[in-house]
Amino acid sequence: MAEIIPLTPAGAEAPAEPFRGGACKLHPQTMCPAFGALRVLTRIEGAQPAMVTDTGCLYGLTFVTHFYAARKSIVAPALGTAELSSGKVQEAANAAIAEAATAANTSFIPVISLCVAETAGLAEELLPKEVDGKPVILVRVPAYAIHSHPEAKDVALAAVMRRFVDTSSEHEPGTLALIGEVFPADPLLIDGVVRKMGGRVVTTLPGRHVDEIKQAGRAAAVAALHPFYRETIGVLRERGVAVVSGAPIGAEGSAAWLRAIGAALDLDEDVVERVAAEEEATARGFLASKPLQGATILVSGYEGNEMLYARLLIEGGARVPYVSTSIGPGALTAADEAWLKAHGTEAVIYRKTLEDDKAAMDHWSFDLVIGTTTLAAYAKEKGIPSVYYTNILSVRPLFLAGGMIASLSFVRDLLNRKPIYDRMLAFFEGTEEREARA
């Protein structure tokens, strides 16, 4: 397991951190992790989710599912205090599954088990394996066991993959599956470069069809573009699919990744080397301008790919002393963490909290904050340019030279907005004192 780096570098004075010293945090750090599982499952054609939880959780998750994931209804039993006290959770779950099976265009039924169902004793062995020929797949995502919504995506995808991946089919030579909820143009960019080397991308997961999941099981190799798909990678590794960790980030990272893909797919070494060198040369041509030289940037988020962005910023010339993420450490995060430590990042925080991020802002001086909405608001109060990581940066191209140029150019524009923030602070200066006297 990768080392968890403390917030404060050795020998430095520890910054003031509210609520530090106890496990209790008074600020909610993330939405219910089950949202991540719903985001994956509701987007699959033919999936009709049946959620087993209390009424309050159902209300909140139904809202975010319709808003962020897909316009698909969720079948669920009405579980209030009376129903939970009656000990009929198993019967209610089975009834919801039966109802889900009658919905139009249903081909399989993911049963999403949350905190209440788990603590009430929902038994997997008492659930039907299928209803009218439609597979029933249990997805356990209680918040006390799954700590972030990216990791709940992994749990959901792995559960579906275990049911549908064909273990008897042969691997298709030269084929690559990608895993990561990435910007739609990124898989196309990657496929174009991999085809130059003699291979091809056959699918990107999480996808919208069960056939894409089956295709991943037949691929010769899988690239874990995001480091939190651990269970999913485990399923494919058991299937005999070669695994390539990391992602084609920046000049150095892209070239190394392409060489690793070439080796995993057993492609011609000379061709792979030529393509990798071309990609690296294009990236370094842009980086020669040092687009982010002199900037100090904080990167924080709950998507799980924050270290990839930090690597990109550092190659662009920025100093990134602090990176935090909601996911936990593991084998798929170790290489990126080691690279960051070797390139000046002093603190990499896993399972981060808002308090960690605020303490980092008090400890270092930042020119740009890339973080959650709450952290971005805190930074703006201080006159620091800041953006919401998920909706602003995580939805843009990232990989290879094309993604690097697009991302770094956008960040450079953000840094240039500092005068606007200075005018904002000057405009509101003294407002609270004037209001207090009024």
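**Cavities and a parallel sheet**

Trainee: How many cavities of 30 Å³ or more does the count give?
Mentor: The count comes to 2; a cavity here is a set of points on a 1 Å grid over the protein atoms alone where a 1.4 Å probe fits but cannot get out. This is a predicted model, where local features need pLDDT of at least 70, side-chain atom pairs count only at pLDDT 80 or more, and totals for chains, interfaces and linings use all residues. Residues are numbered from 1 along each chain as its sequence is written, and side-chain values use heavy atoms, leaving out hydrogens and water.

Trainee: How much space is in the largest cavity?
Mentor: About 60 Å³, taken as the space filled by probe spheres set on the points.

Trainee: And which residues line the largest cavity?
Mentor: Among them are Glu 181, Asp 186, His 226, Asn 305 and Arg 396; lining residues have an atom within 4 Å of a point.

Trainee: OK, what about the second largest cavity, what's its volume?
Mentor: About 30 Å³. Its lining includes Pro 227, Asn 305, Met 307 and Asp 336.

Trainee: Switching topic: what's the strand order in the open sheet?
Mentor: The 5 strands go 11-10-9-12-13, with parallel pairing. Strands are DSSP runs of E, at least two residues, and two pair if DSSP finds at least two bridges between them.

Trainee: Which strands stand at the edges?
Mentor: Strand 11 (347–349) and strand 13 (386–388); each has a single partner strand, so one side of each lacks a neighbour in the sheet.

Trainee: How many bridges join strand 9 to strand 12?
Mentor: There are 3, between residues 296–301 and residues 368–371. Val 299 has Ile 370 as its bridge partner in strand 12.

How values were computed:
On a 1 Å grid over the protein atoms alone, a cavity is a set of points where a 1.4 Å probe fits but cannot get out, and a pocket is an open set with protein on both sides within 12 Å along at least five of seven lines; lining residues have an atom within 4 Å of a point. Helices (H or I, at least four residues) and strands (E, at least two) are DSSP runs, numbered from the N terminus.
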